[in-house]
Every structure is written in C-alpha cells, then in structure tokens.
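Dear colleague,

Please find the structure for your review below, followed by an account of what was found in it.

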Amino acid sequence: MENLISKKDLLEEANISYGQLYRWKRKNLIPENWFIRKSTFTGQETFFPKDDILLRIEKIKTLKDDLSLDELADMFSPSPTLTSLSAEELTKRNIVSHTAVEMYNNFHGPTHSFSFNQLLTLYVLNSLLQTGDVNRTEGVDLLKLFDEHAQSTKNSESELIFIRKMGVSFFILTPEPANLLLEPQAKKIAHYKLSQCMEELKLKLT
C-alpha cells in the first residue's frame, strides 16, 4: 500500500506553511493528483504520497533562489523540453559520458543532434553505467527496451526497474506506481522513476 502523509504532518515535517503549499499547487509545482482526499474518523482529510511530496518540496526549497517559480514549473512538467543538442555539447557540458553516446550511436547509428526524448534515454543509460549497475551488454538491452517501447518512455509516469537473478538480468518498464513482489532469488538492482529522471535532466539543461 502506498505510503501516505497527512497535510498536517506534511506541513510540520517539511516546515512549510499552508499558504506555501497551495501557492506551489497553483503554480503547478505540485501535481493536483498528489492531493488525495480520504475519509477519516474526523471527516475528510488531505493526504499526499509521502516520498514524492517530501522530495518535491526539498527540490523546490533548494532551487527556488536560483530559478523562478515558472522555471520550476517547467522543470517539473511531464512535457519534454524543446531542445536539441549535439554529442559534443552533451559531453562538454557533462550531461552524459562519451561511453553512453558511443553506445547509443552504435545501436541507433550516428546521431548528430539529440532530441529531448533521446536525451532522456541517454541520461538513464549514463546513470546506470556511472553507478556500475549495468555492464555494456545490459546497456544495449536497455536501449532495445526504450526503442521498442518509445511511447511508454515519453510518458513520464513510468518506472524502470532492473532485476538480476542468478546472473540473468532484465529490465521492466511499468506505469507508476510500480508494486513488484519478487521471489527471494531475484534482486532489484536499480529503480528509476522517469519523471524524476526528466526533472534531473531538465535541471542539467538549464
């Protein structure tokens, strides 16, 4: 069951005011569907997905001095950013590594200019390579998955899960919220929310 936090507890734990919370909601910094109305013994109360809302508020607090609320809203938006970058720009700005670009080009053929959705694929691949969670062969498997399910990767409300069992590895691309029950021999190596990857990528592009 999803881990929820009440509005009262959220305001206290995040150390924000009622006004701040609803101002950020009006500015589309916090999604409407995160405001969950539930019946309690005292009546109707508002709850939030705890991990998501606390992470979002932490990001807003960290970035609000450097970015306007409109710029933050664009960063948190599930819509892709209209951008196009060359491989040279990507590596020069340290957005992704030469290795990730090389693997992408070996799989797709030479790419001179990368759209936002291509950048998102590159960003996820690069993150997994940098952490050492995947090897090059598994990285190609990821590129195949994203290529075959391109429409799902455009939907930021998807999650990527990487599982390994007795030396055999595989990826799962599933709508949020993922709720997988694994057998004991299977180990979850990595779990990425594409919405968070998109936010991180947009921040690097600003």
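Strands S4 (158-165) and S6 (186-193) pair in the antiparallel sense over seven bridges; two strands count as paired if DSSP finds at least two bridges between them. Within this pairing, Glu159 has Lys193 of S6 as its bridge partner. The model is a predicted one, in which local features need pLDDT of at least 70 and side-chain atom pairs count only at pLDDT 80 or more, while totals for chains, interfaces and linings use all residues. Residues are numbered from 1 along each chain as its sequence is written, and side-chain values use heavy atoms, with hydrogens and water left out. Helices (H or I, at least four residues) and strands (E, at least two) are DSSP runs, numbered from the N terminus.

S4 and S6 belong to an open sheet of three strands, ordered S5-S4-S6 with antiparallel pairing. Its edge strands are S5 (168-175) and S6, each of which pairs on one side only. From one strand to the next, the twist averages 20°. Helix H10 lies across S4, S5 and S6 and runs at about 50° to S6; axes are lines fitted to C-alpha atoms, for helices over the stretch in contact, and angles run from 0 to 180 degrees between N-to-C directions.

A further open sheet has three strands in the order S1-S3-S2, again with antiparallel pairing. S1 (4-6) and S2 (36-40) stand at the edges with a single partner strand each, so one side of each has no neighbour in the sheet. Neighbouring strands here are turned by 45° against each other on average, direction ignored. S1 and S3 (residues 43-49) pair over three bridges, and the partner of Leu4 in S3 is Pro49. Helix H1 (residues 7-14) packs on this sheet, touching S1 and S3, and its direction makes about 90° with that of S1. Contact means heavy atoms within 4.5 Å.

The largest nonpolar core has 33 residues, of which Val124, Leu128 and Leu160 touch the most other members. Such a core is a set of buried Ala, Val, Leu, Ile, Met, Phe, Trp, Tyr and Cys residues joined through side-chain atoms within 4.5 Å. Buried means under 20% relative accessible area, exposed over 50%, and partly exposed in between (1.4 Å probe, protein chains only). Elements that each supply at least two residues of the core include H7 (116-131), S4, S6 and H10 (194-205). H7 gives the most, with nine residues. Leaving aside residues up to four places away in sequence, Val124 touches Leu142, Phe146, Leu160, Tyr192, Leu194 and Cys197. A second, separate core of 23 residues includes Ile5, Leu10, Leu67 and Met75.

The largest pocket holds about 970 Å³ of space. A pocket is an open set of points on a 1 Å grid over the protein atoms alone, where a 1.4 Å probe fits, with protein on both sides within 12 Å along at least five of seven lines; lining residues have an atom within 4 Å of a point. Grid points are joined across faces, edges and corners, and the volume is the space filled by probe spheres set on them. Of its 37 lining residues, Trp34, Pro49, Asp52, Glu176 and Lys193 are the closest to the centre. H3 provides the largest share of the lining, six residues.

Asp52 is in helix H3 and is buried, with a relative accessible area of 14%. Not counting residues up to four places away in sequence, Asp52 touches Trp34, Lys193 and Gln196. Thr62 is also in H3 (residues 50-63), but is exposed at 52%.

Yours sincerely
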